[in-house]
Amino acid sequence: MTTVTGPLKSLNILDFSTLLPGPYATMLMADMGATVLRVESPTRSDLLKNMPPLHGKNSFAHLSINRNKKSLALDLKNEDAKDIILKLIEEYDILIEQFRPGVMDKLGLGYSELSKINPRLIYCSITGYGQTGLYKDKAGHDINYLALSGLASYSGRKETGPCLSGTQIADLAGGSHHAVMSIQAAVISRAGSGKGQHLDISICDSALTLNSIFGASALASGQDPSYEDQLLNGGSYYDYYPTSDGRYLSLGALEPKFASIFFKAIDKPEWLEQTLQPANQQALKEEIKKVISGNSFQYWLDVFKDLDACVEPVLNIHEAIEHPVFSERKMILEIELKDGMPVQQIAPAVKFSEQRQKFTPARDLGEDSIKVLRSLGYPEQKVTELLNNHIIVDPSIESPAPNLLPE
């Protein structure tokens with residue numbers, strides 16, 4: 001089914017995750033050519049599928065984040081389901097799961113048991129707070145990890161305090177990306193040792209590591225950063241500025257050569273000296289704000305269009321995908337749904353010179369169940385029994401019978 005070829009084409013991954021951190025991680029790997037089989041509950045829907053807007057029964061977010069993956073709908077509480085997983089582990093030697101600690105062990109699918117069957121198994125567990133520690137069994141979301149890690153304590157405004165980000169920073173930069181990096185590191189290690197290992201990904205731990213600059217400074221100085229008191233968090237003229245029509249410009253001209261171009265462009269070259277005076281930053285920002293807010297968004301686009309001044313417009317998503325910086329890089333791909341409807345999706349950011357890419361949308365729940373069981377050598381009678389007992393689900397079969405299974 002997967003028609004993407006790439007550097008990870010030799011990897012076979014079982015994906016037990018839902019929502020965002022795990023599925024986004026396996027999307028990245030599927031985009032790079034890995035074969036990913038989602039193991040989904042036939043009775044407990046992945047909430048990502050229900051996030052509007054929908055196309056039929058599935059959200060467009062699901063169709064994108066779970067693209068290029070196969071789907072096996074399996075009731076993991078049944079002993080027959082466990083037997084299926086044990087057979088799959090012989091072929092799929094990378095596993096990602098996102099349950100709370102101990103859940104997979106209770107199902108008989110923990111690392112200690114599965115690694116006995118396949119010692120090469122790389123078993124990646126993504127949780128909010130890790131497999132050990134005081135919080136290991138506690139629920140959490142992106143906002144909680146940002147709060148506990150210290151990131152939220154200096155990401156916001158003095159007047160309003162912490163601000164919500166439009167994307168899930170801890171889930172993605174913490175959970176998803178660390179999972180992909182650690183899995184590929186474990187694959188490299190396995191190539192030499194022949195052994196797999198258990199990867200313990202704590203999203204909260206990973207969020208803590210994102211305090212890369214300010215965390216190092218705080219630990220060395222004993223002084224914690226706060227809102228708008230650092231060079232990059234609003235404590236300098238590096239910031240967003242409103243235009244007269246309610247749009248925004250981003251100003252990142254920190255270096256003198258860029259700052260000089262910027263201040264000349266707004267006809268205030270004498271302000272350049274103030275950029276070197278920390279005590280005057282807020283006053284400088286107010287002056288810049290008055291100038292920028294005196295003209296329209298389009299006016300400033302025209303002013304800075306050909307200037308290399310680290311000044312860019314704040315775009316909405318539709319404006320972004322039409323902008324040359326992304327259109328020339330082919331950052332939007334188009335896939336065709338089963339009903340022939342073309343849908344645009346955001347393309348992978350990394351370009352591999354030897355990779356041929358053709359993407360397919362996320363599969364329906366259990367769409368590959370029968371094919372997977374047949375590939376494992378299950379006889380048709382057993383497949384029908386599993387369907388009738390609702391241990392597996394396949395959307396192509398409503399009332400399964402031994403002689404009606406599609407080839």
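First, the ground rules. This is a predicted model, so local features need pLDDT of at least 70, side-chain atom pairs count only at pLDDT 80 or more, and totals for chains, interfaces and linings use all residues. Residues are numbered from 1 along each chain as its sequence is written, and side-chain values use heavy atoms, with hydrogens and water left out.

Now the sheet. Seven strands make an open sheet, and the order is 10-7-6-1-2-5-16. The pairing is mixed. Helices (H or I, at least four residues) and strands (E, at least two) are DSSP runs, numbered from the N terminus. Two strands pair if DSSP finds at least two bridges between them.

Which strands sit at the edges? Strand 10 (198–202) and strand 16 (392–393), each of which pairs on one side only.

Let's walk in from strand 10. Strand 7, residues 122–127, runs parallel to strand 10, and five bridges join them. Within strand 10, Ser 202 stands opposite Thr 127. On to strand 6: four bridges connect it to strand 7, again parallel. Here Glu 97 has Ser 125 of strand 7 as its bridge partner. Next, strand 1 pairs with strand 6 over three bridges, in the parallel sense. Asp 15 is partnered by Ile 96 in strand 6.

Is strand 6 buried on one face or on both? Both faces are covered. Ile 94 and Ile 96 point to one side, Leu 95 and Glu 97 to the other, and all are buried. Buried means under 20% relative accessible area, exposed means over 50%, and partly exposed is in between (1.4 Å probe, protein chains only).

Helix 1, residues 21–31, packs on this sheet. It touches strand 1 (12–15), strand 2 (35–40), strand 5 (69–74), strand 6 (94–97) and strand 7. Its direction makes about 160 degrees with that of strand 1. Those axes are lines fitted to C-alpha atoms, for helices over the stretch in contact, and angles run from 0 to 180 degrees between N-to-C directions.

Two loop residues next. Tyr 92 is in the loop between helix 3 (79–88) and strand 6. Its relative accessibility is 3%, so it counts as buried. Setting aside residues up to four places away in sequence, Tyr 92 touches Asn 12, Ile 13, Leu 14, Thr 35, Leu 37, Lys 70 and Leu 121. Contact means heavy atoms within 4.5 Å.

Asn 66 is in the loop between helix 2 (60–65) and strand 5. It is buried too, at 1% relative accessible area. Beyond its neighbours within four places in sequence, Asn 66 contacts Pro 23, Arg 38, Asp 46, Leu 48 and Ala 362.

Now charge. How many salt bridges does the structure hold? The count is 20. A salt bridge is a side-chain nitrogen of Lys or Arg within 4 Å of a carboxyl oxygen of Asp or Glu. Here are three of them.

One: Glu 228 and Arg 157, at 3.1 Å, N to O. Glu 228 lies in the loop between helix 9 (212–221) and strand 11 (239–242), and Arg 157 in strand 8 (residues 156–157), so the pair ties together parts 71 residues apart in sequence. Glu 228 is buried at 10%. Arg 157 is partly exposed at 30%.

Two: Lys 285 and Asp 239, with the closest N and O atoms 2.6 Å apart. Lys 285 is in helix 11 (residues 281–292) and Asp 239 in strand 11, 46 residues apart. Lys 285 is buried at 7%, and Asp 239 is buried at 9%.

Asp 364 is partly exposed at 29%. Lys 338 is exposed at 61%. Salt bridges with shared partners join Lys 338, Arg 363, Asp 364, Glu 367 and Asp 368 into one network.

Last, the surface. Ile 213, Leu 231, Leu 232 and Tyr 238 form a nonpolar patch, with about 360 Å² of accessible area together. Patches take residues with over 30% relative accessible area and no salt bridge; like charges are joined within 9 Å, nonpolar side chains (Val, Leu, Ile, Met, Phe, Trp, Tyr) within 5 Å. Areas come from the Shrake-Rupley method with a 1.4 Å probe; for residues, only the protein chains shown count as cover. Tyr 238 sits in the loop between helix 9 and strand 11, partly exposed at 31%.
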